[in-house]
Amino acid sequence: MKVICIIPARKGSKGIKNKNTIKIGDKSLIDISIKFAIKLKFIDKIIFSSDSKLYLNKAKKYKNIGLNLRPKKLSSDKSLMVDYIKYQLNEEKKLGNFYDFVLLLQVTCPYRKKEHFYKAYKILKNKKYNSVITINRAKEHPNRLKIYKKNYLVNYLKKLKTEDLKPRQQLEPVYIRSGSMYFFESTLPNKKNTLVGDKTYGIKVSGKYAINIDNYNDLVLAKYFANQRK
């Protein structure tokens, strides 16, 4: 079972300037993800991809890491990750490299457990699932979400005709992708135009392992956990 690990890092970030070079503890977000990938012995090839030559130069210090300058058309705020993965797999195909599975590591997730990834590898190897992702319990339940319709607040879920006033503890648990792991069959992007298949296994994470740095609050929390280890 051949696995390629892809670590994408765009230079553009509207929320936090130069986000991917920010240090959590004594390492940048880029360094954290690359170092983590190197520890996973089941990976056959690691590719670090960016539209920033500065980022690529920073990654040159790592041996046996493939570097790819990401095309501009796949580097905008509106670009879809699935389109980039298709491109990268096609580039590998041109080199005669074929893989059974893809592991996508987003650099905005600084905390991961190796055992979660070896568990995911074992799950995919058994071929019962076609993708594994990390998930954490959603803070807001969809039964409580609202949208405006003709100046009136209505339930986001159309199936709810009246307000759901159940206590939070009685609502069915719902989960959201944490972003720290997307592990999937290499055929999914081209055949299904997705990174998350119809047979997905979710590995539950919480606390620092559910952090995905999107804004300054996330950054403060990530740095807090890094300081706790000192």
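A salt bridge here is a side-chain nitrogen of Lys or Arg within 4 Å of a carboxyl oxygen of Asp or Glu. Lys146 and Glu163 make one, with their closest N and O atoms 2.2 Å apart. Keep in mind that this is a predicted model. Below is a quick tour of its charged pairs, its aromatic rings and a few surface and backbone details.

**Salt bridges**

- The salt bridge count comes to 7.
- Lys61 pairs up with Asp31, and here the closest N and O atoms are 3.4 Å apart. Lys61 sits in the loop between α2 (53–59) and β5 (65–69) while Asp31 sits in helix α1, so this pair ties together parts that are 30 residues apart in sequence.
- Glu91 is partly exposed, with 23% relative accessibility, and Lys94 is exposed, with 60%.

**Aromatic rings**

- The model has 9 aromatic pairs.
- One of them is Phe42 with Tyr118: the ring centres are 5.3 Å apart and the planes stand at 90 degrees, so the pair is edge-to-face.
- That pair links distant parts of the chain, with Phe42 in the loop between α1 (29–39) and β4 (45–50) and Tyr118 in helix α4 (residues 114–125), 76 residues apart.
- Phe42 is buried, at 8% relative accessible area, but Tyr118 is partly exposed, at 33%.
- Phe42 also pairs with Tyr121; their ring centres are 4.5 Å apart with planes at 15 degrees, so this pair is stacked.
- Tyr121 is in helix α4 as well, 79 residues from Phe42, and both Phe42 and Tyr121 are buried.
- Phe42, Phe101, Tyr118, Tyr121 and Phe183 make up one aromatic cluster.

**Charges over rings**

- Arg70 has its charged end over the ring of Tyr84, 4.4 Å from the ring centre.
- Arg112 does likewise with Phe36, its charged end sitting over the ring at 5.9 Å from the centre.

**Surface patch**

- Leu145, Ile147 and Tyr156 form a nonpolar patch on the surface, and together they have about 260 Å² of accessible area.
- Ile147 belongs to strand β8 (residues 146–149) and is partly exposed, with a relative accessible area of 37%.

**Backbone and loops**

- Asn151 has a positive phi, near 70 degrees, in a residue other than glycine. You'll find Asn151 in the loop between β8 and β9 (152–155), where it counts as exposed at 74% relative accessibility.
- Asn193 also has a positive phi, near 55 degrees. Asn193 is in the loop between α5 (188–192) and β11 (200–204) and is partly exposed at 43%.
- Ser13 lies in the loop between β1 (3–8) and β2 (23–24) and is partly exposed, with a relative accessible area of 23%. The C-alpha atoms of Ser13 and Asp77 are separated by 8.4 Å, although the two residues are 64 residues apart along the chain.

Terms used: Residues are numbered from 1 along each chain as its sequence is written. This is a predicted model: local features need pLDDT of at least 70, side-chain atom pairs count only at pLDDT 80 or more; totals for chains, interfaces and linings use all residues. Side-chain values use heavy atoms; hydrogens and water are left out. Patches are made of residues with over 30% relative accessible area and no salt bridge: like charges are joined within 9 Å, nonpolar side chains (Val, Leu, Ile, Met, Phe, Trp, Tyr) within 5 Å. Accessible areas come from the Shrake-Rupley method with a 1.4 Å probe; for residues, only the protein chains shown count as cover. Helices (H or I, at least four residues) and strands (E, at least two) are DSSP runs, numbered from the N terminus. Buried means under 20% relative accessible area, exposed over 50%, partly exposed in between (1.4 Å probe, protein chains only). Rings of Phe, Tyr and Trp (its six-membered ring) pair if their centres lie within 6.5 Å; planes under 30 degrees apart count as stacked, over 60 as edge-to-face and the rest as tilted. A charge sits over a ring if NZ of Lys or CZ of Arg is within 6 Å of the ring centre and within 35 degrees of the ring normal.
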